[in-house]
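Have the sequence and the 3D view open as you read.

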Amino acid sequence: MSTGVENGAGQPSPPQPPAFPALYPTTPPRPVHRPAAREPVAARRPQERSSDRTPAPPTVPPPPAAPPAAASPFLSRHPEPPRPTTSPQQQAPQQPAWTPPETEPPAAPGPFAVPAPPARRPRTAAGRTASALCLVLGLGLFTGAATGALINHDPAAVGTTQGAYARAGDLWHSVPVDTLLPPVVSRPGAGPGGADRTYTRIGVAPAAGCAGAFDPLLAKVLAPVGCVQVLRATYVDATSSRVTTVGLLVTGGDAAGMSALNHRWTSEHLGSRLDLMPHPVAFPGTAAASFGDAQRASWTVSVSATLPVVVYAVSGFADGRPVPEPQPAAVATAPGATTAPAQAGLGTDVLVLAADLESRLHQAVTTDATSSRGAS
């Protein structure tokens, strides 16, 4: 029996499977892809030398994590964001600090801005002439300040010799009283605000010793330099509303004693003590008829450091009103003073009249010295 069918070539054909209906669709088999064999590492990479390798940066272990904090009802509901764990080598480089540009545009001036000083211009011949003029004016002001030191009770500003010191102690009986205490004292521009001051002499007290001329405490302070003579006169101002007594004490002390007394008077501020005010001199039938100790409103005492003299002045109201709180002239003439002596100008009166007496005294000493040299 033949198991196959012969084809036309006389060859037997392969046996055919029996024809059965296909229950499931036939899926062709998927091809299996097998990876190709990898090349050895040595075949793919060239041979590297140990010297060409760059050492890897050291690995810094991250910081240990902080233990979790205990839960608290007062902590914020928003947890703190996690901190970066990157190493310092992995952090981004810091940006360089900002530096201002070399020139910045000028800011707009505010309401209180101070304008910048103008650029300095080169000095010209006119500028040098102006500088020389300022120097001359400065010297003039310095000379005026030296003169003002005398007017403002600075006897030490005028130097004297031993002969002048001796002559000053004898002037009281060799110089007429009208030379030291003239009938009229006029001081243009000596008042507040540059007002003129004019005073008329009411009377001159007879020359006398120091007994009764000062309060006991003031006489005790002046005792170390002794007392030779006291000259006094009382003046009234142009309005006849203020009266002032001016006095000159001629001492018998030497130059060292006067210098020591001047130092004590200024260093201990004795000129501002109420118990060291000098006495006024009243003249009946005049504007100073009732000028007593209770009427003293302002005063000044100047102890010379170069001459054997003490100059003083005391002022009050011409109507005889008492003054419960007298003020020294330095306080009564201070800016902003509002007391009755200050507003009435009583402090200015004593300063002007005392300064005038000191100026006339020094002028008399100079004149006497000149006359003595001419006679010899």
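## Salt bridges

There are 10 salt bridges in the structure, counting a side-chain nitrogen of Lys or Arg within 4 Å of a carboxyl oxygen of Asp or Glu. Before going on, note that this is a predicted model: local features need pLDDT of at least 70, side-chain atom pairs count only at pLDDT 80 or more, and totals for chains, interfaces and linings use all residues. Residues are numbered from 1 along each chain as its sequence is written, and side-chain values use heavy atoms, with hydrogens and water left out.

Take R187 and D356, whose side chains meet in a salt bridge at 3.2 Å, N to O. This pair ties together distant parts of the chain, with R187 in strand β1 (residues 184-187) and D356 in helix α10, 169 residues apart. Helices (H or I, at least four residues) and strands (E, at least two) are DSSP runs, numbered from the N terminus.

Two other pairs are worth a look. R264 bridges to E268, with the closest N and O atoms 3.3 Å apart; R264 is partly exposed at 36%, and E268 is partly exposed at 44%. D319 and R321 meet at 2.9 Å, N to O, and R321 is partly exposed at 41%.

## The overall build

The protein chain has 10 helices and 7 strands. Of its 376 residues, 30% are buried.

In what order do the strands of the open sheet line up? The 7 strands run β1-β2-β3-β4-β6-β5-β7, with mixed pairing; two strands pair if DSSP finds at least two bridges between them. At the edges stand β1 and β7 (327-328), each with a single partner strand, so one side of each has no neighbour in the sheet.

Strand β5 (residues 298-303) and β6 run antiparallel and are joined by 6 bridges. One to find in the viewer is W299, whose bridge partner in β6 is V314. Helix α7 (residues 255-267) packs on the sheet and touches β5 and β6, its direction making about 145° with that of β5. Axes here are lines fitted to C-alpha atoms, for helices over the stretch in contact, and angles run from 0 to 180 degrees between N-to-C directions.

Strand β4 holds T244, which is buried at 1% relative accessibility. Setting aside neighbours within four places in sequence, T244 has contacts that include A233, Y235, F291, V314, D349 and L353.

## The nonpolar cores

A nonpolar core is a set of buried Ala, Val, Leu, Ile, Met, Phe, Trp, Tyr and Cys residues joined through side-chain atoms within 4.5 Å. The largest one has 27 residues, and L180, L181, Y235, V246, L248, L357 and L361 touch the most other members. Helix α10 gives the most, with 8 residues.

Zoom in on L181: leaving out neighbours within four places in sequence, L181 is in contact with R201, R232, A233, Y235, V246 and L357. Apart from this core lies another, of 21 residues, including Y165, L261, L270 and Y312.

## The disulfide

How many disulfides are there? The count is 1, taking a disulfide as a pair of cysteine sulfur atoms within 2.5 Å. C210 and C227 form the disulfide, with their sulfur atoms 1.2 Å apart. The torsion about their S-S bond is about 85°, so the disulfide is right-handed.

C210 sits in the loop between β2 (197-208) and α6 (216-222), and C227 in the loop between α6 and β3, 17 residues apart. C210 is partly exposed at 22%, and C227 is partly exposed at 34%.

Definitions and conventions
Buried < 20%, exposed > 50% of the residue type's maximum accessible area, 1.4 Å probe, protein only. Contact = heavy atoms within 4.5 Å.
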